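Hi there,

Here is the structure I promised to pass on to you. Please open it next to this email, and then read on for what turned up in it.

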Amino acid sequence: DKVWTYKDRLSHIFNDEPIHEAGKCWAYSDTNYILLGMLIEKITGNYYYDEVRSRLLVPYGLHFTFAADNRLIPNLPMAYSRLPEMFKMPEKVIENGRYVFNPQMEWTGGGMLSNTPDLAKWAKIYYADSLFSDELKAKIITPNANGQNTGKHESYGMGSFIYHTKQGDVYGHSGFVPGFNSIFAYYPKDSIAVALQVNCDYAKEKMTLVNYLENIMEEIIEND
């Protein structure tokens with residue numbers, strides 16, 4: 001239940017060497033998202049979660065998306081973990097009605113909780129609505145120079161994955177915390193947004209999360 005400060009979150013990298021020179025390579029970095037959160041609070045003079053609520057959650061009707069800033073999370077289902085011993089996570093990650101992991105530490109490196117319908121709704125808003133200028137949206141859905149083929153079937157744009165699937169390129173993002181995996185994606189060819197949440201952190205042992213979405217989309221298309 002420790003309340004993490006800016007310094008607490010960043011202190012884990014204070015003695016680390018940079019993974020690469022800025023602009024010369026690619027690596028996913030929660031740290032950079034934390035720095036962006038600090039900038040948001042500095043520029044606006046407001047609490048980050050208040051800005052998210054007033055600018056996004058309320059105007060777009062995301063009624064089941066909230067700040068993940070403490071361990072008491074209403075309606076959180078039991079979830080299961082098989083993380084390595086170093087993470088010190090029990091198999092069941094809900095104890096006495098509280099999440100054993102403190103999500104407040106993640107802040108803008110994650111920091112939101114949402115139900116599955118809201119995730120799908122957000123994917124449609126993010127990729128299909130006029131949330132961004134055309135120029136900015138192009139950067140989001142186009143692999144950047146260092147973000148080509150960052151994984152076996154994916155590239156990375158500006159804050160977004162581009163998944164290379166059987167249905168063509170789709171845009172989305174995955175999320176992970178102990179005991180849970182989530183993913184949402186927007187299929188531009190079919191104008192369909194899909195989301196999936198799983199209450200275990202080992203759901204990717206048999207298939208990737210994108211494979212699960214591909215199966216869902218195949219069912220949707222076949223039964224349309």
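Strand S8 (residues 180-187) runs antiparallel to S9, and the two are paired over seven bridges. Strands here are DSSP runs (E, at least two residues), as are helices (H or I, at least four), and both are numbered from the N terminus. Two strands count as paired if DSSP finds at least two bridges between them. Within this pair, Phe 184 sits opposite Ala 195 in S9.

Before going further, please keep in mind that this is a predicted model, in which local features need pLDDT of at least 70 and side-chain atom pairs count only at pLDDT 80 or more, while totals for chains, interfaces and linings use all residues. Residues are numbered from 1 along each chain as its sequence is written, and side-chain values use heavy atoms, with hydrogens and water left out.

Now for the turn. S8 and S9 make a hairpin with four residues between them. Ser 191 lies in that loop and has a positive phi of about 55°, although it is not a glycine. Most residues other than glycine have a negative phi. Is Ser 191 buried, partly exposed or exposed? Ser 191 counts as partly exposed because its relative accessibility is 42% (buried means under 20% relative accessible area, exposed over 50%, partly exposed in between, with a 1.4 Å probe and protein chains only).

Lys 88 also has a positive phi of about 55° without being a glycine. Look for Lys 88 in the loop between strand S1 (65-67) and strand S2 (94-95). With 68% relative accessibility, Lys 88 counts as exposed.

Back to the strands: S8 and S9 belong to an open sheet of five, in the order S5-S6-S7-S8-S9, with antiparallel pairing. At the edges are strand S5 (154-156) and strand S9 (192-198), each of which pairs on one side only.

Which residues of helix H3 (residues 48-57) are buried? They are Tyr 48, Tyr 49, Glu 51, Val 52 and Leu 57. Seen down the axis of H3, these buried residues fall within an arc of 155°, so they line one face of the helix (the arc is that of the directions from the helix axis to the C-beta atoms). Their cover includes helix H2 (30-44), S1 and strand S4 (112-114), where contact means heavy atoms within 4.5 Å.
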